[in-house]
Amino acid sequence: MIFSIGSFLSFATLFKKNSKVIACIFLLYLWIVFGFNTYNGDYLVYELQYNRPELMEVGGKSFLYRKLIEFSSQHGLDFMQFRAVISLIGLLFISSVVFKYTKYASFVFLCYFLSTFFIDVTQFRSFFASSIVIFAFHFMFEEGRPAVVKYVLCCSVASLIHPLCAVYLIFMLCRYFDLDKIRKIAVFVLCFSFVLYPLGIIKKIAVLFMDESKSSYYFSGTFRTGGIIAWFFIIAAILLFAFLRNELNRADVSEMKESDENNKSAFQKEFVVCIEKITWLLLPLLPLLLYDVSSCFRIYRCMLPLIFTALTVYCFEMDIHTKKNQKNMFSVLIFLYALGIGFEITQMHSVENYLMSAIHDNYLLGG
């Protein structure tokens, strides 16, 4: 049932990419699959934490997540109901940004569904935390200091649910530096990271965001060839943005006319340029991926809904193509990019524990 409905919605999206009805149905489908899943690779661990929150560290780095568990439990929710509420809030956070920047939301949801959705079903705590960061992009383009405070506050809240989200504070650089300077910063930090890693300094920094036992495991020095494949997807996103931006033959945002249509285009262009900056700021992950593919690639993949939204805007709404077949070709590239990431994640994790269990085990759909 899950596979059949997902396949139908996927084909419907490919033929009607800008349908709001399909987008809303797709979003509802994602929530049903996510929120009412009854088993996956991490399910029993999360369920144990929910039923016995005292097993979690009282003042640990996931302090707010423990408080959410305690609050939910006190109000009579069982673990599956807790998951249903958390997944709904997370998906609404993400979709609020998607719907704000593109009318092709169903295509974004399709790319998300094919790439990282099923691993988010399994690792739902990091999903929820990163959805708060994505929601914070409502404030990224507001003027003044209050916008900065709102963004920092959202990232801080997210980091108290999953510590890795503290990394996303670096995205504030997008407000203060243009794309060229962001590139230089990213390349400098990347080169510096390759120097720092053999000295063990990065491992010491990692302890700030995770338990020391996890840090020792992740940065044990064992080379993982899967990291090279993960490199490809981060670099490919940078190249996709660069290619599409070069195709965009338009005036700067500041030079556009004050019509409603051009204001919308300027608004969208500001967004896609910001997301391109983010892909560059994530470039320093490359050396870490050689040793800890799953956790460090998570930092990148959690931002994929934003990346897919920006690429969709570029492809369908920025008037960068003069021929329909060119637009179709670029949409196929984005589609294949999403599919490739989904395949890579399948190689990283147990298919049975994260993919097949999400397809087969669902309270509302017969599992």
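A residue is called buried when its relative accessible area is under 20%, exposed when that value is over 50%, and partly exposed in between (1.4 Å probe, protein chains only). The structure is a predicted model, in which local features need pLDDT of at least 70, side-chain atom pairs count only at pLDDT 80 or more, and totals for chains, interfaces and linings use all residues. Residues are numbered from 1 along each chain as its sequence is written, and side-chain values use heavy atoms, with hydrogens and water left out.

Confidence is a friendly place to start. The pLDDT is the predictor's confidence in each residue, from 0 to 100. For this chain the mean pLDDT is 83, and 81% of the residues reach 70 or more. Over residues 250-261, however, the pLDDT is below 50. Beyond near neighbours in sequence, that stretch has 18 contacts in the model, a contact being heavy atoms within 4.5 Å.

Charged side chains come next. Side chains of opposite charge can pair when their charged atoms come close. A salt bridge is counted here when a side-chain nitrogen of Lys or Arg is within 4 Å of a carboxyl oxygen of Asp or Glu, and this rule gives six salt bridges. Glu 142 takes part in one of them, with Lys 150 as its partner at 3.5 Å, N to O. Lys 150 is partly exposed too, at 36% relative accessibility.

Two further pairs sit within helices, where helices (H or I, at least four residues) and strands (E, at least two) are DSSP runs numbered from the N terminus. In helix H10 (residues 179-196), Arg 183 and Asp 180 are three residues apart, about one turn of the helix. Their side chains form a salt bridge at 3.7 Å, N to O. Arg 183 is partly exposed at 22%, and Asp 180 is partly exposed at 37%. Elsewhere, salt bridges with shared partners link Arg 66, Lys 67 and Glu 70 into one network. Glu 70 is buried at 19% relative accessibility, and Arg 66 is buried at 12%.

Together with Phe 188, Val 189 and Val 195, Phe 192 forms a nonpolar patch on the surface, with about 390 Å² of accessible area. Such patches are made of residues with over 30% relative accessible area and no salt bridge; like charges are joined within 9 Å, and nonpolar side chains (Val, Leu, Ile, Met, Phe, Trp, Tyr) within 5 Å. The areas come from the Shrake-Rupley method with a 1.4 Å probe, and for residues only the protein chains shown count as cover.

Leu 179, also in helix H10, is buried at 12% relative accessibility. Leaving aside residues up to four places away in sequence, Leu 179 touches Arg 245, Glu 276, Lys 277 and Trp 280. Leu 179 and Ile 278 are 99 residues apart in sequence, yet 9.6 Å apart in space, C-alpha to C-alpha.
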